[in-house]
Amino acid sequence: MKKFDLHERLIDFAVEIINITDNLKATKAGNHLSGQIVRSGTSPSLNYSEAQSAESRNDFIHKMSVVLKELRETHSCLKIIHRANLYLKNEQDLIVTVNENDELISIFVKSIETSRNKNK
């Protein structure tokens, strides 16, 4: 059985975001959202790495909150891409990525909540 590794999951998510950006319509909106989502969708794995080296619990909570913020921004971008029909490939691939994004958001909401409760 493979051990659950959140960092690897975030890296896989970033790769999926990159794949999505490579398959967006080459329109003004597609190009704009491509740049936006590649930044917000790859950022969580990088910020999670920083959180693992946090200098205090408050620093950890702050860095994890940045991860959550970027995941939420990515979620909005994915919904816009979906509703505007900007994705050129199988729509199901996009839906799978949206679902993974939802799960990651839930994980980070809970993690931040747990860390804040330990801080009290």
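The model is predicted, with local features requiring pLDDT of at least 70 and side-chain atom pairs pLDDT 80 or more, while totals for chains, interfaces and linings use all residues. Residues are numbered from 1 along each chain as its sequence is written, and side-chain values use heavy atoms, leaving out hydrogens and water.

User: How are α3 and α4 oriented to each other, roughly parallel or roughly antiparallel?

Analyst: Helices here are DSSP runs of H or I with at least four residues, numbered from the N terminus. Axes are lines fitted to C-alpha atoms over the stretch in contact, and angles run from 0 to 180 degrees between N-to-C directions. The axes of α3 and α4 lie 9 Å apart, at an angle of about 155°. Since angles over 145 degrees count as such, the two helices are therefore roughly antiparallel.

User: Which residues of α1 and α3 make their contact?

Analyst: Helix α1 (residues 6-21) packs against α3 at about 30°, with the axes 13 Å apart. Angles under 35 degrees count as roughly parallel, and α1 and α3 are therefore roughly parallel. With contact meaning heavy atoms within 4.5 Å, the residues are F13, I17 and I20 of α1 and L71, T74 and L78 of α3.

User: What is the geometry of the pair formed by the rings of Y48 and F108?

Analyst: The structure holds one aromatic pair, where rings of Phe, Tyr and Trp (its six-membered ring) pair if their centres lie within 6.5 Å. The ring centres of Y48 and F108 are 5.9 Å apart and the planes meet at 85°. Planes over 60 degrees apart count as edge-to-face, so this pair is edge-to-face.

User: How many residues apart in sequence are the parts that this pair ties together?

Analyst: Y48 belongs to helix α2 (residues 28-51) and F108 to helix α4. The pair therefore ties together parts whose separation in sequence is 60 residues.

User: Does E70 count as buried or exposed?

Analyst: E70 lies in helix α3 (residues 57-83). Leaving aside neighbours within four places in sequence, E70 is in contact with R39, S40, S43, P44 and N47. Buried means under 20% relative accessible area (1.4 Å probe, protein chains only) and exposed over 50%, with partly exposed in between. At 12% relative accessibility, E70 therefore counts as buried.

User: How far apart in space are A84 and G30, C-alpha to C-alpha?

Analyst: A84 lies in the loop between α3 and α4 (91-119), and at 42% relative accessibility A84 counts as partly exposed. A84 and G30 are 54 residues apart in sequence, and their C-alpha to C-alpha distance is 9.2 Å.

Notes: Angles under 35 degrees count as roughly parallel, over 145 as roughly antiparallel, 65 to 115 as roughly perpendicular and the rest as oblique. Rings of Phe, Tyr and Trp (its six-membered ring) pair if their centres lie within 6.5 Å; planes under 30 degrees apart count as stacked, over 60 as edge-to-face and the rest as tilted.
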